[in-house]
Amino acid sequence: MGILDSLQQDKILIADGAMGTLLYSYGSDCCFEELNLSQPNQIYNIHKAYLNAGANLIQTNTYAANYHKLERYGLQDQVKEINSAAVRLAKRAVADHPDAHVVGTIGGIRAIKPEAIPLEEIKRTFREQLYCLLLEGVDGILLETFYDLEELETVLQIARKETDLPIIAQVSLQEVGYLQNRVHITDALNRLESLGADIVGLNCRLGPYHMISTLEEVSIPKTAYLSAYPNASLPSYVDGKLEYDSDADYFKETALAFRDQGVRLIGGCCGTTPAHIKAFSDALEGVAPLKEKQVKRKERTIILPSSKKKDVPTPLFEKAKKQQSIIVELDPPRKLNTDKFMAGAKALKDAGIDALTLADNSLASPRVCNTALGSIVKSDIGLRPLIHITCRDRNLIGLQSHLMGLHQLGIHDVLAVTGDPTKVGDFPGASSVYDVTSFGLINMIKQFNQGVSLSGKELGERTSFSVGAAFNPNVRIIDKAVERLEKKIDAGADYFISQPVFSEEKLLEVYQATKHIEAPIYIGIMPLTSSRNANFLHHEVPGIKLTPQVLEVMNRHQDDPQQASLEGLNIAKGLLDAALELFNGIYLITPFMRYELTVELANYAKKYGPFHSSRRVQNV
Ligand SMILES: Cc1cc2nc3c(=O)[nH]c(=O)nc-3n(C[C@H](O)[C@H](O)[C@H](O)COP(=O)(O)OP(=O)(O)OC[C@H]3O[C@@H](n4cnc5c(N)ncnc54)[C@H](O)[C@@H]3O)c2cc1C
Ligand SMILES: [Zn+2]
């Protein structure tokens with residue numbers, strides 16, 4: 001009799017409980033799936049313990065036995081051996097339990113970092129593991145712990161094409177009622193059912209209380225059966241170890257509540273043990289499944305528009321769409337004294353610039369926090385700060401907390417960059433976090449603007465960020481850089497700020513390659529300060545090439561720094577003339593805190609720049 005036959009007989013099926021956390025509690029702190037090869041008896045005994053506790057559906061010890069996760073242990077070439085051994089062990093365990101079934105488990109990979117692993121890689125990895133399990137002859141497939149519905153939908157479709165065996169598809173919740181990205185549980189389970197899953201449900205992350213509360217909103221599926229594998233409890237961190245704290249009696253009490261929500265397959269996830277499964281099995285012995293249920297319709301909360309920050313100015317990029325707009329970068333100092341920085345900010349404010357951009361530890365070296373300084377610039381000088389945010393120094397928690405903080409400070413202009421890697425800076429050994437790249441960060445900020453955090457939790461109000469992204473035109477093939485720019489627009493970028501451009505030819509090339517794009521580009525102009533500075537940029541910075549004439553002029557004044565700086569300024573003015581013909585947005589970069597240079601360039605642009613309602617040059 002197969003799994004579905006058992007379910008059709010009006011039975012509630014009991015599944016097994018955790019494998020990973022049980023092994024961990026026994027002292028294993030390694031690749032749990034490798035134990036199928038090195039400690040087969042231990043795995044076999046766990047299967048037996050669950051079967052003896054009353055489980056009639058057990059899962060192979062293959063949750064993370066895929067190429068991607070085994071790679072962490074250097075075991076990526078043993079996908080087949082590990083999966084095959086797992087199935088053989090589970091089948092051996094059920095040999096003298098005629099009513100018991102073995103499902104091959106495949107766990108979700110993406111968890112909360114969707115963009116970290118492309119779907120194509122997920123598909124390859126999934127197929128390999130699926131074939132190994134199917135070849136060895138499982139009774140069904142269990143897809144479990146999927147936080148990302150897109151990932152589960154993708155692998156479910158593959159599995160459904162490959163096999164007619166029963167498929168169980170289980171999501172993990174972010175909070176009661178919702179998966180990440182604010183996907184409602186009813187929508188998720190409906191999708192899985194329509195894609196051909198035979199059993200749909202929930203596992204992991206939450207304990208019985210939150211799962212039952214979620215299931216109250218879920219109706220009995222039309223064709224599929226409902227499953228639930230709760231965790232033993234929420235985890236706590238005790239003496240450096242994660243612990244789940246709930247006794248089996250509590251599970252006994254919750255068993256009927258699961259049944260009353262229409263659950264037909266019930267097992268356990270992290271923290272559960274054979275005692276928890278025995279509790280379920282005892283409590284549900286002879287209990288008929290529920291046929292009809294009254295669904296509780298909980299109100300899906302409405303996200304309010306930003307109520308607190310009423311002073312949100314018109315986004316910079318709106319101005320740059322219509323008329324000239326000048327922003328200037330003045331980076332926070334590396335030392336604690338900020339007098340010169342503040343004097344620079346004040347002078348730039350007096351020069352009438354639209355915003356001051358502050359880099360985030362550029363070149364991966366520590367500087368005074370740009371948000372702190374940006375906030376002071378805003379309050380003390382009345383100048384609009386534009387804060388760069390890198391993904392290098394903050395993990396997903398830090399990034400989100402940072403965004404919430406910026407919102408509190410009334411700072412709405414941000415530049416989302418991946419950030420220079422730590423190896424280029426003062427602390428090459430420091431970790432580069434990169435939980436997301438600029439694309440994920442742009443997405444996250446746009447989600448905040450909808451009042452929703454990355455995980456799908458409501459923020460109570462919407463933020464009002466306008467999001468800039470970096471554009472590097474100093475590449476050999478400009479079309480590739482433009483493709484990247486277009487992808488950033490797809491991710492939600494509102495406008496762009498470019499690396500500095502050092503020739504009129506390049507300005508024209510950038511203009512031609514981007515004139516079809518509506519999002520404004522603030523084109524970078526940086527005055528050269530010396531012949532050394534010019535030669536460094538020309539010879540050592542990838543993609544930057546100065547013209548022979550510019551190099552010659554700068555080199556001519558090698559021994560006269562003042563004159564060299566003056567020439568650098570004149571060259572920048574020449575570039576500015578050309579840039580103003582082509583772009584509304586001008587991004588002036590202050591070199592080495594020499595703000596008098598960018599003040600002069602800003603004044604120059606204001607005096608001589610055309611104040612046009614759109615780009616001046618059409619069809620150049
Ligand atoms: C206006 C501006 C401001 C900046 N501010 C900061 C700052 O405050 N702090 C800081 O640390 N860094 C800053 N940078 C540097 C920036 O982080 C790096 O130059 C980065 O490599 C390019 O921008 P990004 O971070 O948006 O990278 P992304 O475009 O997100 O690129 C991410 C990864 O892809 C690579 N990549 C980039 N372009 C291509 C391409 N065409 N083809 C293939 N791969 C590519 C990158 O090297 C990187 O590894 C800034 C850059 C610009 C242009
Ligand atoms: Zn779990």
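Predicted model: local features only at pLDDT ≥ 70, side-chain atom pairs only at ≥ 80, totals over all residues.
A donor, as the word is used here, is an N, O or S atom within 2.8 Å of the metal; water is not among the atoms, so a site may look incomplete.

Three cysteines supply the protein donors of the zinc ion (ligand 2): Cys204, Cys269 and Cys270, each through its SG atom, at 2.2 to 2.4 Å from the metal. Along the sequence, these donor residues follow the spacing C-x64-C-C. Look at where two of them sit: Cys204 belongs to the loop between strand 6 (199–203) and helix 10 (208–215), while Cys270 belongs to the loop between strand 10 (263–266) and helix 12 (274–284), so this pair ties together parts that are 66 residues apart in sequence. Is Cys204 buried or exposed? Its relative accessible area is 11%, and because the cut-off for buried is under 20%, Cys204 counts as buried.

Now step back to the whole protein. The domain assignment gives domain 1 as 3–284 and domain 2 as 329–529 + 563–608. Their C-alpha centres are 45 Å apart.

How do the two domains meet? On the domain 1 side, 10 residues are in contact with 13 residues of domain 2. Together the two domains bury about 880 Å² between them, and 47% of that area is on carbon and sulfur atoms. The count of salt bridges between domain 1 and domain 2 is one. As for polar contacts across the interface of domain 1 and domain 2, one residue pair is found, with both residues at pLDDT 80 or more.

Definitions and conventions: Residues numbered from 1 in each chain as written. Chains lettered and ligands numbered in written order. Heavy atoms only, no water. Donors = N, O, S within 2.8 Å, 3.2 Å for Na, K, Ca; no water. Helix = DSSP H or I, 4+ residues; strand = E, 2+ residues; numbered from the N terminus. Buried < 20%, exposed > 50% of the residue type's maximum accessible area, 1.4 Å probe, protein only. Domains from an automatic or database assignment. Contact = heavy atoms within 4.5 Å. Buried area = accessible area lost by both parts, 1.4 Å probe. Salt bridge = Lys/Arg side-chain N within 4 Å of Asp/Glu carboxyl O. Polar contact = N/O pair within 3.5 Å; in protein donor to acceptor, adjacent residues only side chain to side chain.
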